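I wanted to go through the salt bridges and one of the sheets, and jot down what turned up.

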Amino acid sequence: MTAQPALELRNTLRRFGSVVAVNNVSLSVGKGEFVTLLGPSGSGKTSTLRLIGGFEELDGGSILLNGQRIDHLPAYQRDTATIFQSGALFPHKTVAENVAFGLRMRKVPKDEMAKRISQSLETVRLKGYEDRYPAQLSGGQKQRVALARSLAVRPAILLFDEPLSALDLSLRLQLRAEIKRLHDELKFSAIYVTHDQGEAMAMSSRVAVMNTGSIEQIDTPETVFHAPSSEFVYTFIGESCCLPVRITASGVQDKKGETIGIVLGERLAEGDCRIYVRPSRLRLISDAAALPNRLTARIHFIEFLGDVYRYHLKAGALELAADHAGSIGKSVGDVIVIGWRTEDMRVFR
């Protein structure tokens, strides 16, 4: 017998005039599962989250929480808790009072309320901050208070609306790890919305990649990255180099119709196609010589990115980038050989 999911979306639809923001989206989130909605601006991820939280009305379909329909209920009657980008703390209330707010709304007894406030603040490592006000907290501490407030009410599902996007990089990475730790420890059910691929990959049980109001692919982070179901998913997840070429009987041509010095280890059918390779999968000079797919290119410019050097290359009308752990001792204008394994190449027509 299949366990009842914490959340189900069945053919959910949301329109804004002639624009379809959520296009018949169906999704199931298991108990204890952390599912991320990932996509560019306008893909429908935030509208989907707002439908679940009760901040938008459905134009079609249904939403079930623990097997019960909730789409007819106002937001305050749904067993959900939302953590917003801003944290949405009450500035005139202390940390403890902010955490208590949802508990008071749910009429939790005072003794139980005090216990939950203490437990929640300890969980997010803010024990001793009970009497501080939001103005006395850092941005990261405010978000941890917002998380404590949501955890205290023990909702059926937690909704995260890009909670880390306004923070600087180092703090974002710290809180990302903190949320991951808390999920592993508490096993709460969650829907997380972000456009940050690193967050989605690092935190999620499954990732749902959204585009123009629909889910293009939903799977584990590893599968979405290594086995994307479409060209959109491949190009949106991670960085990639696109080589638009034409395969002919006499060789490989670029978009200008000029034959280029590319050798493909995999025999491809003739015609126009787009070959994709990730910069981290390209190998340079001696490392490239023994690989089945090779291309001669000229160095256009070089970036130092800390962990790697990124070589921006041109081969006729083609432009691509390759990452290398150290300097290869070549300068702008030099011609080098690059190569890649066939299994690191994706071809779309």
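How accessible is D272: buried, exposed or partly exposed? I looked it up: D272 counts as partly exposed, at 48% relative accessibility. My cut-offs here are under 20% relative accessible area for buried and over 50% for exposed, with partly exposed in between (1.4 Å probe, protein chains only).

Housekeeping before I go on. This is a predicted model, so I keep local features only at pLDDT of at least 70 and side-chain atom pairs only at pLDDT 80 or more, while totals for chains, interfaces and linings use all residues. Residues are numbered from 1 along each chain as its sequence is written, and side-chain values use heavy atoms, with hydrogens and water left out.

**Salt bridges**

I counted a salt bridge wherever a side-chain nitrogen of Lys or Arg is within 4 Å of a carboxyl oxygen of Asp or Glu. That rule gives 20 salt bridges.

D272 has a partner in R246, with N to O at 2.7 Å. R246 sits in strand 11 (residues 241-248) and D272 in strand 14 (residues 271-277), so this pair ties together parts that are 26 residues apart in sequence. Strands here are DSSP runs of E, at least two residues, numbered from the N terminus. R246 is also partly exposed, at 41% relative accessibility.

Then E56 and R50: their closest N and O atoms are 3.2 Å apart. E56 is buried at 18%, whereas R50 is partly exposed at 28%. I noted that both belong to a network of salt bridges that links R14, R50, E56 and D59.

I found an open sheet of six strands, in the order 6-7-8-3-9-10, with mixed pairing. For pairing, DSSP has to find at least two bridges between two strands. Strand 6 (80-83) and strand 10 (214-219) are the edges, each pairing on one side only. Neighbouring strands are turned by 20 degrees against each other on average, direction ignored; the axes are lines fitted to C-alpha atoms, and angles run from 0 to 180 degrees between N-to-C directions.

Strand 6 runs parallel to strand 7 (residues 157-161), and four bridges join them. A81 has L158 in strand 7 as its bridge partner.
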